[in-house]
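Hello,

Here is the structure I promised to pass on.

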Amino acid sequence: MAETSLMSAHTFQPSLQDISLKRFRLRYSVVSDCYYLHWDNNVCPQLAKIEGLANGSMSMTGLTRYTNEESKTAYLGLSEESTSGEVQWKLDFSHCGLAVRTMTLRAVSDVGNGGIVTCRITGDGSSSAVFSDPGDQAIEVPHVTGKKIVTIGVHLWRTTEWNTPIFLQESSLAMGQCPLDVIIELMVVHSDMQHFVGDLLLGLKFSSGGTGDGCSDVSAPGPVGQLQVHVVEGAGLVDMETHKPFNACIKCGILPAQNHLATLQTSPRNNTYPTWSKEFTFPGLDRAALQNGGLEVLLTDHRFFHNDVIGGIRLSIPQKKPTITSQINTDGLLCLNSPSSPSSPMAFTTFPHLPLSQLRGEWLLTPPESPNAGKIGLGKRSPLASPLMSPRSFSKSSSTSSSPMCSPKLAPFSPKTLSSPKASPRSPKISQDSPRSPRFTSRLFSNWTSRSASSIFTDTDTLHWWMDSSGTEVHHWQDMLDGEGEWVYCWHTLRPKLQTAST
């Protein structure tokens, strides 16, 4: 009996149990024509996950499933009109933050009646290994260690018209040992980080409507929608100095911090491999808020009755700052043109007494032919403005501009002279040639620029300083937005000494 082959594009991914236990197993029975994804050796149709060979394969051409009622066997072979055929399976672990540690493959083949059977295993689309006539033996595949996507391809050829290569032959009298059996041990990869605190398994789910049954009982104004966070478990949470496990607690907070959404936390667990299985809900969040925001997850230690932040992660999609062009007009004023409103430049003012050595980042010098030559310009609040800037005019001489200017938030400063009755004998003498407005002095402004200007304008080009996510942090957040209404789980490597932004 023959069945016509079908085309499919299926990709196998691990379940939550597989992700937690860091293992994966795939089997296919030709007799029942079903795929099995559970770990134990029990094989029965009730445990089947996918029915039909083609429904679980990435691609299949030129192959047909044959059954023999007399011998009670079933196998895969070439179609009558085909001289070659192939079938491919794809295993993807990239979305859960895991990679292959070890892989063992068993794919039964028989070329006793002629023909050729080859098996090609590819890792991450680059490195591959080819095995001819795998037979009935389990094969170790070491070259896929550290790979996140594994592709298994089997090719059958006829050398003459009488050749009948057989693949995955199975007897119905001996069901239980599937002719195709793939066993994979998984691991978390730490190659991109020299020092790390441990690993954390986290689940995310975004729903655009409904309130859910989370842990937050605060009614949130604004859009209807929610973010659910499932803190599952941790791994390797050990103090490297004392070699003792942390009394670990996980805190979760939405970025940027919002008043109606409190920071939620789990109860502490004193274990190297703690299990929390705690679910939080943050209501009142729509898709736009999550695309422009993020989630901060912190690991704290409660051993000494205070919350020491040991490490953490930040999940977000980094947004780049808008492109702004600058120009200097004939009056020596620096103007910015935003792409959204190119016809309305943002006016800039100038400040005296700034040495050229303090020019950093966006601080630009006015042209020498302008009346304000040798002075520095700063603009009013814009998408590039720092929280350290506030709408305030620098001096009376700079207040000629009609728009409010911005200046650094400097503490009020009023030096005392010896003629003052409250002056201290140790107070320095102020030269009569010094500027009467100490807020604009070169030394005072120089100290501020040396500490702050470089970090404000040159350290990051993202919209917010906390948008420093990378790797699995970005992919997990994006997968959560793409798979609305579905749980997405991923292992994360906790970054040490993470500067908190949600508290």
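This is a predicted model: local features need pLDDT of at least 70, side-chain atom pairs count only at pLDDT 80 or more; totals for chains, interfaces and linings use all residues.

Residues are numbered from 1 along each chain as its sequence is written, and side-chain values use heavy atoms, with hydrogens and water left out.

Side chains of opposite charge can pair when their charged atoms come close. I counted a salt bridge wherever a side-chain nitrogen of Lys or Arg lies within 4 Å of a carboxyl oxygen of Asp or Glu. The total is seven salt bridges.

One of them joins Asp181 and Arg25, at 2.8 Å from N to O. Asp181 sits in strand β16 and Arg25 in strand β2, 156 residues apart (strands are DSSP runs of E, at least two residues, and helices are runs of H or I, at least four, numbered from the N terminus). Asp181 is buried at 12% relative accessibility, and Arg25 is buried at 9% (buried means under 20% relative accessible area, exposed over 50%, partly exposed in between, with a 1.4 Å probe and protein chains only).

Arg287 pairs with Glu484, their closest N and O atoms being 2.7 Å apart. Arg287 is in helix α3, while Glu484 is in the loop between α5 and β33. Arg287 is partly exposed at 29%, as is Glu484 at 34%.

Finally, Glu296 and Arg314 form a salt bridge of 2.7 Å. These two belong to a network that also includes Asp468, Glu473 and Arg495.

Best wishes
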